[in-house]
Structures are given as C-alpha cells and as structure tokens.
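The sequence and the structure are shown first.

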Amino acid sequence: MKLEGRIALITAAGSGMGRASALAFAAEGATVVVVDLNPDAAKGTVDLVEAAGGKAVAKVCDVSSVSQLEQLFAEVDREFGVLHVLYNHAGIPGPGGLEIPEAEWDRTVAINLKSAFYGTTFGLPLLQKAGGKGSIIYTASVSGLVGSTQSPLYSLTKGGIV
C-alpha cells in the first residue's frame, strides 16, 4: 500500500491506460480522482475501483478548456485540500499527414500539450500542500523522440511533453 492516504488525479482515466492506472493507484491505497470527458466512462472506472475495494471519485472535465481545468482543481481543493499525484495522461493521436484543418490542429495541441501545462499550473498549489510528497507524471511517447511520418502533429505534441 505505497499510496495509502494519498490523493491521485488522473486525466483520461475513463478507459485504456488511464483506467488501468486508476486501478493500479487504487490497489496501492490511493483515493483516485478519475477525470474524463465522458461521464459514463469516468463512472465505469470508479465502479471498477470500488468493486476492487478501492476509493475513487469521478470528475467530468474537457481538459482542452483552461476554465474547466481551473474549476476541476478548485473542486479537488475543496474536497480534499491536497493532491499527492497529478497524472497528466490525456492525449489523442490527432489527424495524420500535413494537411490538417486548423480546428483539428488546435484541438490536438490543446488536449496533448496545453492540458498538461495548465493541469500542472492549477495542480501545483495542491501538490505543494503535500509537504514534499507530491509527484507529477506525464504520458509521452516514443513518437515524441522519433518523429512519425503518419502523424507529425502527434509527434510534435508528444515531443513537447518530453
């Protein structure tokens, strides 16, 4: 129980690696704040955590929105007063190629890069309340080190995380 008594917030925790991370953190004793754009997916992860004997709460947030991120961390502050682990996991592959509509470019950069920056910005005061026991995790990709010919935009954003 390495994380007993700790609060861990994971973005995009409604499915896939985010969900697996939420289950793993809860198995180590953390109370997990499951953040996802899809409320049913977030609740599904909470249900799985609780079925395994862990603790979790669901929060719906569009991480591409700075105002929603700010509101999310204000809620976490009111409910828990501290944060021990901030896992900026949200990311999308985005469109492939080089002929990308500006709206798709903006959406991909907002989810993959901007959300991690502003999540950290708003999470930092709560992590500082952890008295030196706070951690920040970012999901990057080998595509951030070696560019992908299929999705250069994804490589660019993951390179930003690296």
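A helix axis is here a line fitted to C-alpha atoms over the stretch in contact, and the angle between two axes runs from 0 to 180 degrees between N-to-C directions. The model is a predicted one.

**Helix packing**

On this basis, α3 and α4 pack at an angle of about 25°, and their axes are 9 Å apart. Angles under 35 degrees count as roughly parallel, and α3 and α4 are therefore roughly parallel to each other. Their crossing is right-handed. On the α3 side, V66, L69, E70, F73, V76 and D77 take part, and they meet K114, S115, Y118, G119, F122, G123 and L126 of α4. By type, the residues of this contact between α3 and α4 comprise seven nonpolar, three polar and three charged.

Another helix pair is formed by α1 (residues 16–27) and α2 (residues 39–51), which pack at an angle of about 30° with their axes 10 Å apart. That angle makes α1 roughly parallel to α2. The crossing of α1 past α2 is right-handed. From α1, the contact draws on R19, A22, L23 and A26, while α2 contributes A41, G44, T45, L48 and V49. Six nonpolar, two polar and one charged residue make up the contact of α1 with α2.

| Helix pair | Angle between axes | Distance between axes |
|---|---|---|
| α1 and α2 | about 30° | 10 Å |
| α3 and α4 | about 25° | 9 Å |

**Nonpolar cores**

The largest nonpolar core has 20 residues, of which L9, L69, L72, F73 and L83 touch the most other members. At least two residues of this core come from each of β1 (7–11), β2 (31–36), α3 (66–80) and α4 (102–128). Beyond its neighbours within four places in sequence, F73 is in contact with L9, L83, L86, G119, F122, G123 and L126. A second, separate core holds 16 residues, among them A8, A22, A42 and Y87.

**Helix α5 and the segment after it**

Within helix α5 (residues 152–161), the buried residues are L153, S155, T157, K158 and I161. Their cover includes α4 and β5 (135–138).

V162 belongs to the segment after α5. Is V162 buried or exposed? With a relative accessible area of 54%, V162 is exposed, because the term applies over 50%. V162 and S143 stand 19 residues apart in sequence, and their C-alpha atoms are 9.8 Å apart in space.

**Two loop residues**

H84 is located in the loop between α3 and β4 (85–88). Its relative accessibility is 10%, so H84 counts as buried, the limit being under 20%. Not counting residues up to four places away in sequence, H84 touches G5, R6, I7, L127, A130, K133, G134 and S135.

A12 lies in the loop between β1 and α1. The phi angle of A12 is near 55°, which is a positive value in a residue other than glycine. A12 has a relative accessible area of 25% and is therefore partly exposed.

Notes
Residues numbered from 1 in each chain as written. Predicted model: local features only at pLDDT ≥ 70, side-chain atom pairs only at ≥ 80, totals over all residues. Heavy atoms only, no water. Helix = DSSP H or I, 4+ residues; strand = E, 2+ residues; numbered from the N terminus. Parallel < 35°, antiparallel > 145°, perpendicular 65-115°, else oblique. Left-handed = near helix turned anticlockwise from the far one by under 90°. Contact = heavy atoms within 4.5 Å. Nonpolar A, V, L, I, M, F, W, Y, C, P; charged D, E, K, R; others polar. Core = buried A, V, L, I, M, F, W, Y, C linked by side-chain atoms within 4.5 Å. Buried < 20%, exposed > 50% of the residue type's maximum accessible area, 1.4 Å probe, protein only.
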